[in-house]
Amino acid sequence: GLEADNSTLAYGKVNNVTVNATNGNANGLAAMNSGALGSDTAMNGAISATAKGSNYVIANAVYASDISSVKLNGVTGISAVGANAVDAENGSDAYAVNAVSSSDVEIAMNGDMKASGSGTTAYADGLFANYSKVSASGVKNLIVSATGTAGDESAWGVDATGGSDVALAMGGDMKVSSTGNAYGVDAYSDSTVSLSGAMAISVTAESGDAYGINAYDRSAVSADAGSLTAVSNKGAAYGINLYTDHVSSIDVTGDLTVRSAAGGTGITAAGAQHQITVGGLTDISIAARGYNAVYAADGANVNLNGG
């Protein structure tokens with residue numbers, strides 16, 4: 001694709017960027033080693049990266065590492081696919097956006113963002129930030145899936161760690177599914193996530209745990225959504241799970257649904273004066289056996305009536 005390695009790359013008019021690797025890794029747009037990639041000219045197309053192979057493969061649609069920056073606008077879609085035969089001894093990672101090591105990614109788009117990984121084991125991220133900053137606006141639907149046979153697969157809609165700051169503005173649904181663990185929003189290790197405009201957040205885990213919104217280890221989430229569903233068919237499920245001394249604010253205007261086979265919690269708010277509202281036409285259905293439906297401590301405010 002386009003790559004800025006310890007350099008500045010300013011592209012002109014670009015429509016679609018499509019990268020397919022039949023036996024290795026794939027990067028759609030990448031900036032590395034203090035590189036900078038971007039343009040004042042708006043794109044008019046999509047970015048996709050597909051990585052396949054017999055060994056472990058990684059697909060990054062947008063990638064920034066080691067004090068680098070990527071700034072994009074006019075993007076109509078972002079897709080990352082990592083694929084490896086499920087009978088092989090390897091797997092794949094797929095990142096729609098991957099920012100690590102003091103990097104900065106800004107994306108203005110009008111379309112869907114997708115990431116899917118498959119193999120013996122697989123990991124997939126919509127937006128991943130490690131000690132970095134990511135801002136994405138105009139995202140319609142965010143769809144992430146991880147499929148494998150090992151049982152330790154994981155999929156994240158938003159994954160922020162290492163003191164990162166992630167802002168995601170949507171206008172559609174977030175759908176995350178995994179044969180292992182699945183997370184809608186996951187903030188940890190001194191990180192913050194801001195999510196706005198999600199119509200529905202749906203998180204489904206087959207053999208592992210499902211987390212709708214999760215914050216711990218001195219991190220915080222500010223989020224609004226029309227509805228929130230977390231389901232695990234064989235593991236635990238958590239709708240809103242806040243174990244952090246940094247204040248989070250969550251507003252779900254519609255239904256909160258949490259179902260599991262092996263424990264979980266509908267709402268946990270502990271460690272700070274978190275503000276959680278679940279209101280409007282809400283039908284709270286919690287079938288997480290052996291745990292609290294709602295647990296609030298340390299001055300948290302949980303309002304199940306809305307308003």
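Which residues is Leu72 in contact with, leaving aside its neighbours within four places in sequence?

**View 1. Leu72 and its contacts in the predicted model.** Once neighbours within four places in sequence are set aside, Leu72 is in contact with Tyr11, Leu29, Leu37, Ile47, Val62, Glu106, Ile107 and Ala108.

**View 2. The largest nonpolar core.** Stepping back from Leu72, we come to the largest nonpolar core, which has 80 residues. Leu72 is among those with the most contacts inside this core, together with Met113, Leu168 and Met174. Strand β12, residues 133-148, gives the most to the core, contributing six residues.

**View 3. Ser34, a residue with positive phi.** Here we move to the loop between β4 (26-32) and β5 (36-38), where Ser34 has its place. Ser34 is not a glycine, yet its phi is positive, at about 65°. Is Ser34 buried or partly exposed? Its relative accessibility is 44%, so Ser34 counts as partly exposed.

**View 4. Ser101, a serine with positive phi.** Our last stop is the loop that lies between β9 (92-100) and β10 (104-119), the place of Ser101. The phi of Ser101 is positive, about 60°, although this residue is not a glycine. Because the relative accessible area of Ser101 is 33%, this serine is partly exposed.

Notes
Residues are numbered from 1 along each chain as its sequence is written. This is a predicted model: local features need pLDDT of at least 70, side-chain atom pairs count only at pLDDT 80 or more; totals for chains, interfaces and linings use all residues. Side-chain values use heavy atoms; hydrogens and water are left out. Helices (H or I, at least four residues) and strands (E, at least two) are DSSP runs, numbered from the N terminus. Buried means under 20% relative accessible area, exposed over 50%, partly exposed in between (1.4 Å probe, protein chains only). A nonpolar core is a set of buried Ala, Val, Leu, Ile, Met, Phe, Trp, Tyr and Cys residues joined through side-chain atoms within 4.5 Å. Contact means heavy atoms within 4.5 Å.
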